[in-house]
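The sequence and coordinates are shown first.

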Amino acid sequence: MRIKKRAAAVALLTAATVALTGCAAGSTTSAGADCAPATGKVDLTFTTWIPGMEDVAKVRNEKNPDVQVKVQTGPNGNGGTYQNFFNQLKAGNAPDLGQIEYDALPNFRVQDGLTDLAACKGVLEAKSDFVDWTWGQVNFGEDKSVYAIPQDAGPMAMFYRADLFEANNIAIPTTWDEFAVAAEKVRATGGYITNFSQSDINQFAGFVWQAGGSWFKNDGENWTVDLTSPESVKVAAYWQDLIDRDLVSTNPPWTDEWNNAYNSGSDWTWNSAAWGANSIASGAPDTAGKWSVALSPQWAAGDKAAGNWGGSSTAVFKGSKHPYEAAQFALWLNTSDEALTMLNKSANLYPAAKSGLELPALKAGVEFYGNQPIYDVFSEASDQVSPDFIWGPTMTQVYNDTSDGFKGAVTGSGTLTDALTSAQKSTISALEAQSIPVNK
Amino acid sequence: MSAPVVPLTDAPGSVARQKRSRAAKAPASKQPRQPVPHLGAILAFVLPFGTLFALFYLVPIGYAIYQSLLVIEREGTFGKATEVFGGLTQYILVFQNGPFWTSIGRVLTFGVVQVPIMLGLALLFALLLDSPLVRGKKFFRLAFFVPYAVPGVIAAIMWGYLYSPNLSPFSAVTENINFLSADLVLWAIANVVTWVFVGYNMLIIYSALLAIPTELYEAARLDGAGQVRIAWSVKIPLIMPAIILTAIFSIIGTLQLLAEPQVFRSFSSAVTSTFTPNLTVYSTSSIPNFNLAAAFSVVLALATFILSFTFLKFTQRKEVQ
């Protein structure tokens, strides 16, 4: 009797387990190919880490009482929000809209997390509104699909301490060779010309992008992993040399030590993206007015190439019940002067929309940078960004593994090139583990 | 260390397990089987616990095991993934994964050094609090316990600041000794964990000390024993079960280290994405490769179980001797 009861209890529990797991696994409903407006009031959720997004959503909510967008904030993408998105997608309770950087889009698409918005009104037509290479990032080169709406771009340039360069009579480097020479002179004064990012691998990817390399290829049948391309190795060797000669600092990025190195004037330049203007201003407040921005140093004198670091899009997740309203919100958010001006002001976002580049806010001088109209520089850099850089489907893993190696390299075990070689190998294994076809 | 969470969920399980085995033996000796009185009441009382236990303990474990047995199949570079049964494929990958086993070795090294130090300090403080010689007991009891009230992540951030080479208030020391370097960072983390958990373990041991009948001390004193001798020969043997309990909690917590290394990862060049087993699980699930992450978790849980169980058996045998 007792045994029977226990068996029954076990059976019941097992059944409950199966039922629960079963429903979790089976609840991947897709929005369907058509994209029709809903009738009645629609509530949308939008998860982002961009400061000031709540205020932007509020402006639109007031104008459109029938579509209310609720903004949820989290840490930046690789800092945890992507992990949350993946978990939510798996559990079937992802928000309607999400902030996704371009480099993570392939990852979300491989996980079947993105709604193709091509059928939604106005989306395909919006192509001409955006800077060409950003549209290439959201449609993966497919004319009939759109997986997200571009929001901002991160064309890279060089922030530098104009006052220090002038006071020490050091010329602003325009090539990487000059940069290395300047690095020696800066070191002689006791400072470092810049900080090499050991754990935010996006900066290094931007350097490779500028050098004309790409880390991935996708021919439709197979992925090719190219972390050890000649361009990539060239960039690695260049920075390894500066690290070996103690000409660059290696504070982990985004830490207090890192901020302090800039705030105290120990680090003189930062090769970063347009949105980086905000990071310096908030991380090194004591240096206000002393910075300027110039185009990135080039590999050969006279070249005109810029890398890109970051930039993100607004995606509609699979499972959203209102893809139409979500797509309309994403279009408004990323093309209207009103939203773009607000986002530039609150987060220094540099719009991906062509019209956004003409905003008065992006023409004015910026006080922190000695009233230099810095966005003119980024506008020039934006035109120089190659459209050929392709992101892989497991970038979080690529960054983790590369960073593990880079961390070793800056502390004297192994080199940056070793790190790329080992990340190349682990990336291929990671793709194989997910049955993603990859050339060995 | 996720110890505050893990032992709490784990402890009822192990206690329940022990009780169940005892209960199973007891009725076997009494032959005539009688209907259980108040069956309805028992069920009503057990139901809330049983439901929550099943929902938040058994089902997640079952789900993790189920996930770990699946592999992903897809066609084309952006093909839709389908999960199919893959047997032990993920487990083969786990056993082939070098960094994972290195990280297990790392936390074991950590545990062998840190757990005895932490429990030694906890025992010492508990004995001092219990001895009649110390004044201001209430104050010290609270003071030792306060670090445990600080969330682990905050403690790690705070210590990270104290360790930082240039910004630390003790930069005279940290400029010369880099606590965040590959050689020292594991012990820097051990220090944070010790700081947080000494008070917690002390309290468990201290409450065991309070349960000892005072007649025993009187008897010992009559026999001429001093405070040190009482502590060594009377108190410690009697509170051994509490010490073993804290040791098991600590072993579990050590294998499950996550929060502290995760925080340290952002400011130490020596902490990689596979520094501890749980960091490996976290990194794997952020690929996202949920199936492999589930297999890692199951193996880690088994390793934890085996280690705790071995420790328990070992210490119990010793007690009998």
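## Domains of chain A

The C-alpha centres of domain 1 and domain 2 of chain A lie 25 Å apart. Domain 1 of chain A covers 42–153 + 309–379, and domain 2 covers 156–307 + 387–439; these bounds come from an automatic or database domain assignment. The model is predicted: local features need pLDDT of at least 70 and side-chain atom pairs pLDDT 80 or more, whereas totals for chains, interfaces and linings use all residues. Residues are numbered from 1 along each chain as its sequence is written, with chains lettered from A and ligands numbered from 1 in the order in which they are written.

## Contact between the domains

In domain 1 of chain A, 27 residues are in contact with 30 residues of domain 2 of chain A (contact: C-beta atoms, placed from the backbone, within 7 Å). On the domain 1 side, helix 14 (374–383) of chain A contributes the most, with four residues.

Chain B contains 14 helices and two strands (DSSP runs numbered from the N terminus: helices H or I, at least four residues; strands E, at least two). Of its 321 residues, 35% are buried, that is, with 20 or more other C-beta atoms, placed from the backbone, within 10 Å of their own.

Chain B places 34 residues in contact with 38 residues of chain A. Helix 2 of chain B supplies the largest share of the chain B side, six residues.

How values were computed
Buried ≥ 20, exposed ≤ 12 C-beta atoms within 10 Å, placed from the backbone. Contact = placed C-beta atoms within 7 Å.
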